[in-house]
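User: I am new to this structure and would like to learn how to read its features one at a time. Could you take me through them, giving the general idea before each case?

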Amino acid sequence: MTQPRFRAARMTAASLAIGAMLLTGCTANVAKTNTSEAGANAGAFLTIPREDMGTFVQNFNPFAPTVNPMVQQSIYESLLIFNPAKGDTVPWLATEWKAAEDGKSVTFTLRDGVKWSDGQPFVADDVAYTFELQKKIKGGFEYLDTVTAEGNKVTFNFNKPWSPALYDVGQITILPKHIWSALPDPEKDANAKPVGTGPYTEVDSFQAQSFVLKKNPNYWQPEKQKIAGIKMLAFAGNDGANLAAANGDVDWAPQYIPNIEKTFVSKDKEHRQYWFPATGAMINWQLNTTKAPFNDVDVRKALSMAVDREQVTKIGMSGYAKPADCTGLSGNYETWKNTQVKDNCTWTNHDVQKANELLDKAGYAKGADGKRTLKDGKPFEFKISVGATSSDWLSVANVISQNLAEVGVTTKVESPDWAAVVAGYETGDFDSGIVWSANDPSPYKYFNTSMGTGTVKPVGTKTFDNYHRFGDTTADALLADFAAEADLSKQKDIANKLQEEYNDVAPLVPLFSGPEWGAFNDTRFTGWPTEANPYATLSVRSPTTVLVLTTLEPRK
Amino acid sequence: MRFILRRLGFYLIAFWASITLNFLLPRFMPGDPVSRMFARSQDRMQPEQIEALRKLLGVDDRPLWAQYIDYMHNIFTGQMGVSISRFPTPVTEVISSQIGWTLLLGGTALVIAAVVGNLLGILAAWRRGGAIDSALPPVLVFIGSFPYFWLAMGALYLFGVVLGWFPIRHAFTDGLEPAFTWEFIGDVGAHLVLPALTIVLVSIGGWMLGMRNTMIATNSEDYITMAEAKGLRPGRIMLRYAARNAMLPSVTSFGMGLGFVVGGALLTEVVFAYPGVGYQLLNAVQGLDYPLMQGLFLTITAAVLLANFLVDILYVRLDPRVRSN
């Protein structure tokens, strides 16, 4: 874009730039300028900021820990897509799937006519190979014995009945065998020119500050590739990305924008909208149950009742999050919730009087100074740890700390660097902390990591889930039943019982359903998901992102 | 010559000490890169994958001394390894593709601030109590004491967003191919104005005041009175007699400043989304990306030491007293 207002600046500053050319070692090339005629939306790129990568490197390897944006959304696709906003599952590279009676396998039927972006056909062997590679490079899938490909069917065989597998394997993005099997070190290859089945696969004008993905010439639903391409912009933080969003430079703003009504929407009410469905992970206050008094269920429930979740979500999360109920399940699992438990909820409601009564009854008496003491006579005091950079969670912790003071419990909010906080969680050397939780299509993992004994490690041994180290044998039996059950309605019955158990033992203190941030500007593209039309969330990093990419169209 | 050799020896020891610290510090930080990554991914990563990832990234549990030997070996053979946060991109590639922008930004700002600041200092001291001397220092000190982040955001908002005079992000217009054309160079220049200007604004006051104060001391020296008595032109006295001698501290500062260019532009890069290594360094530290952190620290250390060594040599030329010692 040659904008006249830059011209004066250009003349004076031109000489300064020559050095950059030498230093960055760029190749001489004829500069391409985008013709920016009015109404040329049809040729425009869908522009999206990436707020946590100051620069991009040309690495499109999906095994990379910090994978480039859109690699698993628009370049590679998965067999099915679970949409948490609506609670439905969309068939994608597979048209249908069927779990075996014994729950020990699941068979997917692949879609006909799907091609890789290099024109090669997409075959069942690609799926089998992807899992072989995935297991080799990234590990996991311990339950997965073999993957067999036959015609247009792929069967995943498990070493035990394992129903949570459906979404686990169904949502892994599939790679082309003919490309990846030829690489000597697939995990170390930059995969600079990716070949995928997705709608936008062709990497173009790659720079450290931005890159473009253009249309896959062989896409299986060409009628849905209505935008010319996707342009990603690199930002070293939310502020820059928010400025770009406020300024109308980006079409999609998936990052957290404070005070969004004023800073974003009010600038162009006609075209700008946001939607924060509560489909993120449940955010919990986890109490280290290996320590007294947190091993006492009454204490956990009393502390939970002392917390004013309305205040927590209003002050800490700017009113964007939804308070938790006694099922412990986030908005992601709305269809799984046990209404009995939810409606008769006690311990996640704010009730200072009951909290006091429960603590008195449990034997943690209030002294003359209004402060409670533990059974061994020491003051009832402990720490709440949160990473220093998470300012929203930090204020959540501060609200909790004030709430607890009302029932005579003294807490200190400790906020070192996240590394130190997490190191404490991992080894069990902490009192309590604000922690995210597992968020899958099925609630199995959430319950398994919040109260399955299988995930409990002794203090001192590193663990990466169940930081609060709580296990319950009743839950174990239910979890085993759940995993072995292939029928969805029977799964729901078991999930109901799991919620009753959760309600009884209160393994941790659920706070609120994390919101999935997302805002858009429909000046150039229309067809965005909204609360009224929740065909996907507005996240750009979830499996549902591809649904948005194949629905949007340029405004005429 | 002996002086230079002695300095060189000193720099080698300083270099060894700094790369050793560089090796030790990240390893004393709690946690390791993989669990760090896991925590940051907040559920986008499976716990079962951690072991595999550890192996893949070469995060090892070998004793420190074994890692140290490897580390030293790698430094002297120029192998910086593979970045963990940007795996599998080699550290050298991550740094080399971005450091040019940082050097351009930091270098431009440093040169402008030093040259203009020193000239203003010379003038202010020469016309003591004049317009420049009385008006400029308080203004510059005032601006310089603003929190940088705030100043940069303010400038960005005012000149970029509201007035629209300058582009508000990145090193050049997105979609433009880098090329040696006036159009591209001009575009880079336009994108450089705001970030460089804000750095200049906060640093220029220091240069000016430093120079002014040494100049005032120099101006009262006998040889200045002598030169005046001889009837030399004031311009010649100011620049050749007074400024030349008053320059010495500024030369030292310039050498130091040169070294800090790489790390110093961090906030600027964050505010203006400038594609340099500053934010990369912050990210590497937060993600415990040892190889990238070490690569960047090594670059900065080497730059600081090299710049100071050059300043030392320059000193020998500027100040005869150094030679006689």
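Analyst: What follows is a walk through confidence, sheets, helices, a single serine and the aromatic rings. This is a predicted model, in which local features need pLDDT of at least 70 and side-chain atom pairs count only at pLDDT 80 or more, while totals for chains, interfaces and linings use all residues. Residues are numbered from 1 along each chain as its sequence is written, chains are lettered from A and ligands numbered from 1 in the order in which they are written, and side-chain values use heavy atoms, with hydrogens and water left out.

User: What pLDDT does chain B average, and what are the ipTM and pTM scores of the model?

Analyst: pLDDT is the predictor's confidence in each residue, from 0 to 100. Where pLDDT is low, the predicted coordinates should not be read in detail. Chain B averages a pLDDT of 84, and 95% of its residues score at least 70; the model has an ipTM of 0.82 and a pTM of 0.83.

User: How should I read a sheet, and in which order do the six strands of the open sheet in chain A lie?

Analyst: Strands (E, at least two residues) and helices (H or I, at least four residues) are DSSP runs, numbered from the N terminus, and two strands pair if DSSP finds at least two bridges between them. The six-strand open sheet of chain A has the order β15-β19-β14-β18-β16-β17, with mixed pairing. Its edge strands are β15 and β17 (410-414) of chain A, each of which pairs on one side only. β19(A) is joined to strand β14 (residues 282-287) of chain A by four bridges, and these two run antiparallel; W285(A) has V509(A) as its bridge partner, and M282(A) stands opposite S513(A).

User: Which strands form the open sheet of three, and which of them stand at the edges?

Analyst: The order there is β12-β20-β13 (chain A), with antiparallel pairing. β12 (252-253) and β13 (272-274) of chain A each have a single partner strand, so one side of each is left without a neighbour in the sheet. Two bridges connect β12(A) with strand β20 (residues 519-521) of chain A, and F520(A) is the bridge partner of W252(A).

User: How do I tell which face of a helix is covered, and which residues of α9(A) are buried?

Analyst: A residue is buried under 20% relative accessible area, exposed over 50% and partly exposed in between, using a 1.4 Å probe and protein chains only. In helix α9 (residues 309-316) of chain A, the buried residues are R309(A), V312(A), T313(A) and G316(A). Seen down the axis of α9(A), they fall within an arc of 95°, so they line one face of the helix, the arc being that of the directions from the helix axis to the C-beta atoms. E310(A) and K314(A), on the other side, are exposed. The cover over the buried residues includes α8 (297-306), β15 (322-323), α12 (391-405) and β19 (509-513) of chain A, where contact means heavy atoms within 4.5 Å. At the start of α9(A), a side-chain oxygen of D308(A) reaches to within 3.2 Å of the backbone nitrogen of E310(A).

User: Is helix α6(A) largely enclosed or largely open, and what do its buried residues pack against?

Analyst: Seven of the nine residues of helix α6 (residues 238-246) of chain A are buried, so the helix is largely enclosed by the rest of the structure. Among the buried residues are G240(A), N242(A) and L243(A). They pack against β1 (45-50), β11 (229-236), β12, α7 (260-263) and β13 of chain A, together with α8 (148-162) of chain B. After α6(A) comes G248(A), whose phi is positive, near 80°.

User: Where is S513(A), and what is it in contact with?

Analyst: S513(A) lies in strand β19 of chain A, where five of the five residues are buried, and its own relative accessible area is 4%. Leaving aside neighbours within four places in sequence, its contacts include A278(A), A321(A) and L329(A). A polar atom of its side chain lies 2.9 Å from the backbone nitrogen of G331(A).

User: How many aromatic pairs are found over all chains?

Analyst: A pair of aromatic rings is described by the distance of the centres and the angle of the planes. Rings of Phe, Tyr and Trp (its six-membered ring) pair if their centres lie within 6.5 Å, with planes under 30 degrees apart counted as stacked, over 60 as edge-to-face and the rest as tilted. The search of the whole structure finds 49 such pairs. F63(A) and W180(A) form an edge-to-face pair, 5.9 Å centre to centre with 85° between the planes.

Note on methods
Polar contact = N/O pair within 3.5 Å; in protein donor to acceptor, adjacent residues only side chain to side chain.
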